[in-house]
Amino acid sequence: MNGKPVLILGIESSCDDTAAAVLKDTNILANVVAGQQVHKNFGGVVPELASRAHQQNIIPVVDEALKRAGVKKEELDAVAFTQGPGLLGSLLVGGSFAKAFSLALNIPLIPVNHMQGHVLAHFIGKTDVPKFPFLCLTVSGGHTQIVLVKDHLEMEVIGQTNDDAAGEAFDKAAKILGLPYPGGPLVDKYAKEGDPHRFRFPEAKIPGYDFSFSGLKTAFMYFIKEHSSDSDFTQHNLNDICASLQHTIVETLMNKLKLAAGELNITEVAIAGGVSANSGLRNALLAEQEKSGWKVFIPPFEYCTDNAAMIAITGYYKFLKGETAAQETTSKARLYF
Ligand code: KG4
Ligand code: ZN
């Protein structure tokens, strides 16, 4: 490296957000996210509609990111994109765009693992960053993982869900309550006014650092059915139901995180992914910091849910190591690290 700052364009299109960001070394210059309204009436993301919306959004979103950053595309050092995991059609839009961009500008192409991106969001524009090795609980709509982070690009998944993800548990329960997709943020909102100990839901007993949330979803569905003779039950008890549900999910996550931290003797603990925006989880982590002397790392809200800044920062670390890819590289719905 010649001492000149590195300018990276990051592109994220793994699910239903089309995002682009520009990073100068680890500092953010622009972070643009376009959500997709087309899924609103379907209670979830419709993959085919998502890819079409990405096609419409990708050029304006990249243009806007470059404009906000005050960077000309010819000044970029590399383009990083989400290679996977995610919806294949959606990934292909971002991937094809990034490949064409890299070819046209003759700059390196850097494929990024979305889950690694969530973890490295902790390094965006920060000087107080987690020290290696640290643990990161990555909780999103599609994943629930405890990651042992040994270095920027050296990570090991030591625990994960056997079925539903934590975000999925929030969203499916919210759907049973008649709340619109994605219901996680709404459960969080109602939970703030409710009593977390009013109702009890089961916590799955899974060995090691793994999780299971499908039993909770079923138990929750039966709980609501049991009270269906009272047509106002849900409406009258919404805050307490949401608070109790959130309490159960957060307890489950925290118990496994505490087990892993204790057994591995690690005190630097981070959270990442969409569910790390949850106020109950954030508070539980802060409480553990007080109690156990953990040093906790909680991402700013804009870097919790899907964004391209996290893709750009991962691209930055890969760029420094020369980890670039050829045009033949392919998008992957399933991708591990
Ligand atoms: O990381 P993300 O934006 O997308 C995926 O990669 O899946 O995570 C989205 C998930 C959704 O399930 C959404 O309901 C959940 O994160 N989520 C929340 C909150 N904000 C987003 N869940 C609970 N409380 C929140 N405040
Ligand atoms: Zn995500």
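**Backbone and cavities**

Reply: Asp25 is partly exposed, with a relative accessible area of 25%. Keep in mind that this is a predicted model.

Me: Where is Asp25 found, and what is its phi near?

Reply: Asp25 sits in the loop between strand S2 (18–24) and strand S3 (27–34). Its phi is near 50 degrees, a positive value in a residue other than glycine. Most residues other than glycine have a negative phi.

Me: And Asn106, is that buried or exposed?

Reply: Asn106 is exposed, at a relative accessible area of 71%. Its phi is also positive, near 55 degrees, and the residue lies in the loop between helix H2 (88–105) and strand S5 (109–113).

Me: Which residues does the cis bond with omega near -10 degrees, from Phe132, run to?

Reply: That cis peptide bond runs from Phe132 to Pro133. Pro133 is in the loop between helix H3 (114–120) and strand S6 (134–139). Another cis peptide bond joins Tyr181 and Pro182, with omega about -10 degrees.

Me: New topic. How many cavities of 30 Å³ or more are there?

Reply: One. The largest cavity holds about 30 Å³ of space, and its lining includes Pro202, Phe213 and Thr252. By class, that lining has four nonpolar, three polar and one charged residues.

Me: What about the second largest pocket, how much space lies there?

Reply: About 340 Å³. Of its 18 lining residues, the closest to the centre are His247, Val250, Glu251, Gly280 and Ala284. Helix H7 (233–264) and helix H8 (279–292) each supply at least two residues of the lining.

Key:
Residues are numbered from 1 along each chain as its sequence is written. Chains are lettered from A and ligands numbered from 1 in the order in which they are written. This is a predicted model: local features need pLDDT of at least 70, side-chain atom pairs count only at pLDDT 80 or more; totals for chains, interfaces and linings use all residues. Side-chain values use heavy atoms; hydrogens and water are left out. On a 1 Å grid over the protein atoms alone, a cavity is a set of points where a 1.4 Å probe fits but cannot get out, and a pocket is an open set with protein on both sides within 12 Å along at least five of seven lines; lining residues have an atom within 4 Å of a point. Grid points are joined across faces, edges and corners, and a volume is the space filled by probe spheres set on the points. Ala, Val, Leu, Ile, Met, Phe, Trp, Tyr, Cys and Pro count as nonpolar, Asp, Glu, Lys and Arg as charged, and the others, Gly among them, as polar. Helices (H or I, at least four residues) and strands (E, at least two) are DSSP runs, numbered from the N terminus. Buried means under 20% relative accessible area, exposed over 50%, partly exposed in between (1.4 Å probe, protein chains only).
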